[in-house]
Amino acid sequence: MSEVVTTSDLSLAADRLKLLGDKTRLTMMLLLQEREWCVCEFVDIFEMSQPAISQHIRKLKSLDLVKESRRSQWIYYSIHVEDKPYIQAVLHNLPNAQQILTDLNKQGLQSSCIGGK
């Protein structure tokens, strides 16, 4: 028997998919499939300001697509889609993180974070 999907479930799914319509956020999600990242690493990858990256992360967190973990003064973000198979399906059918980093010419990127990986 299939699970009943409510109108609010459908609205939430639409909002989550709408967030992924932004290339930067979609790319962040693809990278987060490989490992945790901190904001400073995304600043280097996307060549955007820290406030701009933080805004993207805030939006992803607001709809429960990413989660954070604090390690001393550093906050690392990871993907949170285990319970969202429709998001997994979208991400599964796109390039992997290594291909994205190659395309962005960011292979061998050294983190500017003191606590970076």
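In which hand does helix 1 pass helix 5? The crossing is right-handed; that is, the near helix is turned clockwise from the far one by less than a right angle. The model is predicted, with local features needing pLDDT of at least 70, side-chain atom pairs counting only at pLDDT 80 or more, and totals for chains, interfaces and linings using all residues. Residues are numbered from 1 along each chain as its sequence is written, and side-chain values use heavy atoms, with hydrogens and water left out.

Helices are DSSP runs of H or I with at least four residues, strands runs of E with at least two, numbered from the N terminus. Axes are lines fitted to C-alpha atoms, for helices over the stretch in contact, and angles run from 0 to 180 degrees between N-to-C directions. Ala 13, Arg 16 and Leu 17 of helix 1 meet Tyr 86, Ile 87 and Val 90 of helix 5, contact meaning heavy atoms within 4.5 Å.

Three strands form an open antiparallel sheet, ordered 1-3-2. Strands pair if DSSP finds at least two bridges between them. Strand 1 (37-38) and strand 2 (66-71) are edge strands with a single partner each, so one side of each lacks a neighbour in the sheet. Six bridges join strand 2 to antiparallel strand 3 (residues 74-79). Ser 69 stands opposite Tyr 76 in strand 3. Helix 2 (residues 23-32) packs on the sheet and touches strand 1, strand 2 and strand 3. The direction of helix 2 makes about 90° with that of strand 3.
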